[in-house]
Amino acid sequence: MGLVRFNPAVANRFFDEFFPTAPQKTHFRTNRPAVNVQETDDDFTLAVAAPGFEKGDFEVKVDDGILTISVERQEDAETKHEGYTRREFHYGNFTRRFTLPEAANDADISATYTNGILTVVLPKKEEAKPQPARLIEIG
């Protein structure tokens, strides 16, 4: 038997077609945060929308030209009051992998986490940056 990859769009369409009168449609979500990638003359910037985490929850690493951003977090909260106990479990994890472009300088990658956005900056190699125009002397 082959391994079948879960596709949220197919699952959503299945439930929407077979249960069209359901008061609230069920939509499956994946644990993949949205990522914006921006290229400038000097670098590539990845902005990962990951609210609710802390800076220490992230692991950003580069191995053999692959940038991996991952989070694994588990919380167990218990509140005891007179007559009852409330227990909550919170789990959060994701992994995103990106193949680095040839122009990226993987030795100088930096990352910051502010207001729910993880920003990873991949500077470009000097030879990949645009060179200023120069006048060529005719001999």
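Here are some friendly questions and answers about how the terms used for this predicted model apply to its residues and strands.

This is a predicted model, in which local features need pLDDT of at least 70 and side-chain atom pairs count only at pLDDT 80 or more, while totals for chains, interfaces and linings use all residues. Residues are numbered from 1 along each chain as its sequence is written, and side-chain values use heavy atoms, with hydrogens and water left out.

Q: What makes up the secondary structure of the protein chain?
A: The chain has 1 helix and 7 strands, and along the sequence they follow the pattern α-β-β-β-β-β-β-β. Helices (H or I, at least four residues) and strands (E, at least two) are DSSP runs, numbered from the N terminus.

Q: How do you know that β2 and strand β7 pair?
A: Two strands pair if DSSP finds at least two bridges between them. Here 7 bridges join β2 to β7 (residues 117–123), so the pair meets the definition. The two strands run antiparallel, and D43 stands opposite P123 in β7.

Q: Why is N115 called exposed?
A: Exposed means over 50% relative accessible area, buried under 20%, and partly exposed in between (1.4 Å probe, protein chains only). N115 has a relative accessible area of 78%, so it counts as exposed. N115 lies in the loop between β6 and β7, and its phi is near 50°, a positive value in a residue other than glycine.

Q: Is D64 buried or exposed?
A: D64 has a relative accessible area of 75%, so it is exposed. This residue lies in the loop between β3 and β4, with a positive phi near 55°.

Q: What makes a set of residues a nonpolar core, and which have the most contacts inside the largest one?
A: A nonpolar core is a set of buried Ala, Val, Leu, Ile, Met, Phe, Trp, Tyr and Cys residues joined through side-chain atoms within 4.5 Å. The largest has 18 residues, and those with the most contacts inside it are F58, L67, I69, F94 and L122. The elements giving two or more residues to this core are β2, β4 (66–81), β5 (84–99) and β7.

Q: Which residues are in contact with D57, leaving aside its neighbours within four places in sequence?
A: They are S70, V71, E72 and R73, where contact means heavy atoms within 4.5 Å. D57 lies in the loop between β2 (43–49) and β3 (58–63).
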